[in-house]
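Thanks, everyone. Have the structure up on the screen, please. I'll go through the interface, then the helix packing, then the backbone.

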Amino acid sequence: MKDNLTLIKLVKEGNEGAWCDLVKKYSQLIWSVTSKYSLFNNKEDICQDVFKRLLDGGIDKYDPQKASISTYIITLTTWICIDILRKNKTTFAPVPLTQETNIENHQKIDIMETEIEKLSSEQKLIIKLKYFHKKSYSEIAKIMDRDYHFVKNTLFNARKHLKKKLIKKFED
Amino acid sequence: MMHFSEEDIFLYCDNELSSEQMKTFKTHLKNCKFCAKHLENIKKHNKFIMVLNNSHMFNKQADCLTEMQISSYIEGNLSINTRKIIEEHLSNCKFCFNTVVGVMDFIKEGIIEEIPSNIVENLSKKIIKKLRSDKKNVLLKKLAFLRKSLPGYMKNIFEGFSSSIENKINNSFIYPLQSFSPVFGEHDIENIITISPFGKVRYPVIFEWLPYEEADKYILFLEEISFSRITNRTRIELSQEDINIDCGGDIMWNLKAQREEEVIYEVSGFFSLISDESLKEISLIEEHLVSVKPEEDRLILFGAILEEMELFIEAIHKYKGAYTVSPNQCIAYRIACCYDRLELEDLRDYWNQQTFSNADD
């Protein structure tokens, strides 16, 4: 098989052999991503959908200088899978609701939601990665391409800020 | 008594303390009500945040990130400013956010599952079918545009054969392709002495062949006009000044390959010149084809038009030009069709074989 850059160049030109090589090389990746989202009944359809989107302009939008083709294809597949789950109204990474139902706790949750939305985008992202996806500091650092201490300090500052707001609102 | 800082308590909740520090912390908690209470409060705050994950469904926004933006972000190939803009979106869009996390998780987990080979094969076939169908549609659009761009009288003439040209395109850019039943079996192109011209041609008349082993000269002879030329090359180009022939009638040519005075190979064929009217039509069409891009498409369309007008040798040249740009089984099929019309079965069989081979061989 050709090296990736040559392969992509030929695929963009519509070379049939290159497209067949692309299918052989990456269809397994797509297949595996669909299993991750437990979409066992849709695997072949999703594989077709991914290649169809690549054919219908997706490959023209792909820039080999900015990302590897495997990341691009995994992203496209993940997107499609999440979209299917969204249309099926499947909640993503569900967390059990608290048992407390009193008004004060509901108010605290509302305040937390409002104050989180006011955080900087970096703080918000780190909060969400930590709390909703239970990522470690190292994992968050990798996702956001920052160092460990940045994540640690940003998270601490965000929490401190949220706690202060919560206490202030209840004192008011 | 020394107490743990709030930061340390957060690190403990997040499992980010070293095992040594964890031990110390747990021991301290047993004896310190202040830190135990502080830990309880922090855990409560954490719960309020975690509950928010259920507070809204992840809706796709109109300005959601593209796959390329997400891929570039994941691979860290963005400027600081672009990264900030993307993180601004990610912090507000659960859909894109979950896509990023999903991709990173998949890459980290690295769990690859075997895909059945019949599914890979089906996918490949569907893609080839789609590629050919798209190419066919592009060519038909360009053909229609060409037809519209021609002057009035030429439009009517073109109308007469454009549906036949459309059929050629429709029958070539499909999957699977038809094929010819081979007459001579497998061929190696080097063993075929390719000679032209055959059938209808226009000036300059090109005589072309592969070199014959041991030959030191070739003699071309056109009996009807008593023209002959000796050469040690494998191509002779004759303009109207060289041979002034009436159009329409068949002209027989004879080519001898000689070693010194001994004839070691001899072959004959026929060609005829197209009428002046047809010549004008082709020239006009050729002028309008100049605007067709890319070159590959121009060559395919011109080849199909020449084929329709029975200038098969010239059509083959155009198709081969397109094939050089982009080796393609559909173009190979058209070349095979032209050789079939010229009754050159060995060449037809060779190009018919290319319709089965990989396009990049």
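Predicted model: local features only at pLDDT ≥ 70, side-chain atom pairs only at ≥ 80, totals over all residues.

Residues are numbered from 1 along each chain as its sequence is written, chains are lettered from A and ligands numbered from 1 in the order in which they are written, and side-chain values use heavy atoms, with hydrogens and water left out.

Interface first. The contact takes 90 residues from chain A and 77 residues from chain B; contact means heavy atoms within 4.5 Å. About 8000 Å² is buried between chain A and chain B, and carbon and sulfur atoms give 64% of that. Buried area here is the accessible area (1.4 Å probe) that two parts lose on being put together, summed over both.

Now charges. How many salt bridges are there across the interface of chain A and chain B? The rule finds 10. A salt bridge is a side-chain nitrogen of Lys or Arg within 4 Å of a carboxyl oxygen of Asp or Glu. Over all chains, the search finds 40. One pair is E113(B) with K43(A), at 3.1 Å, N to O. Another is K152(A) with E7(B), at 3.8 Å, N to O. K152(A) sits in helix α8 (residues 148-171) of chain A and E7(B) in helix α1 (residues 6-13) of chain B, so this pair joins two chains.

On to packing. Helices (H or I, at least four residues) and strands (E, at least two) are DSSP runs, numbered from the N terminus. Axes are lines fitted to C-alpha atoms, for helices over the stretch in contact, and angles run from 0 to 180 degrees between N-to-C directions. Under 35 degrees counts as roughly parallel, over 145 as roughly antiparallel, 65 to 115 as roughly perpendicular, and the rest as oblique.

Start in chain A. Helix α2 (residues 16-36) and helix α3 (residues 43-61) pack at about 130°, axes 9 Å apart. α2(A) and α3(A) are therefore oblique to each other. The residues in contact include W19(A), L22(A) and W31(A) of α2(A), and K43(A), F51(A) and L54(A) of α3(A). K43(A) also meets E113(B) in the 3.1 Å salt bridge. By class, the α2(A)-α3(A) contact has 12 nonpolar, three polar and two charged residues. Ala, Val, Leu, Ile, Met, Phe, Trp, Tyr, Cys and Pro count as nonpolar, Asp, Glu, Lys and Arg as charged, and the others, Gly among them, as polar.

Chain B next. The axes of α10 (residues 295-308) and α12 (residues 329-341) come within 11 Å and cross at roughly 20°. α10(B) and α12(B) are therefore roughly parallel. E296(B), I300(B) and E307(B) meet I331(B), R334(B), C337(B) and C338(B).

Last, the backbone. Most residues other than glycine have a negative phi, and most peptide bonds are trans. Which bonds are cis here? Y175(B) to P176(B) is one, with omega near -5°. P176(B) is in the loop between α8 and β1 (199-201) of chain B. Y203(B) to P204(B) is also cis, omega near -5°. K134(A) has a positive phi of about 50°, although not a glycine.
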